[in-house]
Amino acid sequence: MREIVFDTETTGLDSNEDRVIELGCVELDNRFPTGRTLHHFINAQGRSVHPEAQAVHGISDADLADKPVFGAILEEFLEFIDGAKLVAHNANFDIGFINAEFDRLGVPPVDPGLVVDTLAIARRKHPMGPNSLDALCRRYGIDNSHRTKHGALLDAELLAEVYIELIGGKQAALGLEISTGGDDAGRNTDRASMTVSARPAPLPPRISEAERAAHEALVEKLGEKALWHTFRA
């Protein structure tokens with residue numbers, strides 16, 4: 001299963017008027033990072049960055065002056081997310097902005113069935129909160145000390161780690177094996193596979209022989225119609 005964990009930074013909070021100015025994406029394959037990312041700063045096409053938004057992400061109008069417009073990175077973005085689920089924290093915000101940019105370019109909106117909202121998952125799993133990205137990083141022991149400002153790619157990378165923990169984390173009972181090689185075209189075909197190690201010896205019984213004998217004697221006293229005899233037959 002292919003998923004794209006993504007985040008946006010914007011000029012403000014109104015998707016009808018404000019614009020996406022940074023886009024960061026991280027690819028997961030069967031819940032493992034593949035190492036593929038997509039990252040762009042984007043020209044706001046005349047829309048100034050609101051001071052409160054700049055205080056959050058630190059991106060100024062001057063930073064965006066020579067950056068491509070959203071239309072210029074559209075095909076690359078569509079190709080990157082093709083066939084994948086889209087994972088975001090407070091997804092309504094980010095998807096709202098992406099759909100607004102799509103609409104301006106005549107592209108159909110994102111299928112809601114492909115969207116995974118990690119904030120909704122976190123609220124179900126941790127109803128007492130807090131469930132901000134920073135709070136979830138602290139909860140799961142994910143180092144976010146370098147996050148002094150919001151940044152789309154950095155936040156997507158942190159969210160990918162948080163998402164894996166939210167949906168079950170790293171299974172301690174599983175072993176990770178890496179097989180390396182190449183295909184007929186000489187391309188790297190490294191793959192990670194999960195294997196379950198067999199227990200070297202069965203666990204010892206938790207009851208003694210005396211306790212087992214006492215239980216058998218009690219069952220015998222209950223008679224042949226006892227429920228225990230039905231299941232033992």
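**Helix packing and its surroundings**

A: The crossing of H5 and H7 is left-handed. The model is predicted, and every value below is computed from it. Two packed helices are described by the angle between their axes and the distance between the axes. For H5, which covers residues 118–125, and H7, the angle is about 40 degrees and the axes are 11 Å apart. Because angles of 65 to 115 degrees count as roughly perpendicular and those under 35 as roughly parallel, H5 and H7 are oblique to each other. On the H5 side, Thr 118, Ile 121, Ala 122 and Lys 125 make the contact, and they meet Leu 159, Tyr 163, Glu 165 and Leu 166 of H7. By class, the residues of this contact are 5 nonpolar, 1 polar and 2 charged.

A second pair is formed by H3, residues 70–81, and H4: their axes come within 11 Å and cross at roughly 110 degrees. That angle falls in the 65 to 115 degree range, so H3 and H4 are roughly perpendicular to each other. This crossing of H3 with H4 is left-handed too. H3 contributes Phe 70, Leu 74, Phe 77 and Leu 78 to the contact, and H4 contributes Ile 98, Glu 101 and Phe 102. Here the division is 6 nonpolar, no polar and 1 charged.

H4 (91–104) and H7 (152–166) also take part in the largest pocket, where each supplies at least two residues of the lining; strand E1 (2–10), helix H1 (51–57) and helix H6 (133–139) do likewise. E1 gives the largest share, 5 residues. The volume of this pocket is about 530 Å³. Its lining has 24 residues, and those nearest the centre are Thr 8, Glu 9, Val 56, Phe 93 and His 150. The lining divides into 8 nonpolar, 9 polar and 7 charged residues.

Backbone geometry is the remaining topic. Most residues other than glycine have a negative phi, and most peptide bonds are trans. Between H5 and H6 lies a loop that holds Pro 130, and the peptide bond leading from Gly 129 into Pro 130 is cis, with omega near -10 degrees. Asn 30, although not a glycine, has a positive phi of about 55 degrees. Asn 30 sits in the loop that connects strand E2 (20–29) with strand E3 (32–41).

How values were computed. Residues numbered from 1 in each chain as written. Predicted model: local features only at pLDDT ≥ 70, side-chain atom pairs only at ≥ 80, totals over all residues. Heavy atoms only, no water. 1 Å grid on protein atoms, 1.4 Å probe; cavity = no way out; pocket = protein on both sides within 12 Å on 5 of 7 lines; lining within 4 Å. Points joined across faces, edges and corners; volume = space filled by probe spheres on them. Helix = DSSP H or I, 4+ residues; strand = E, 2+ residues; numbered from the N terminus. Nonpolar A, V, L, I, M, F, W, Y, C, P; charged D, E, K, R; others polar. Axes fitted to C-alpha atoms, helices over the stretch in contact; angles between N-to-C directions. Parallel < 35°, antiparallel > 145°, perpendicular 65-115°, else oblique. Left-handed = near helix turned anticlockwise from the far one by under 90°. Contact = heavy atoms within 4.5 Å.
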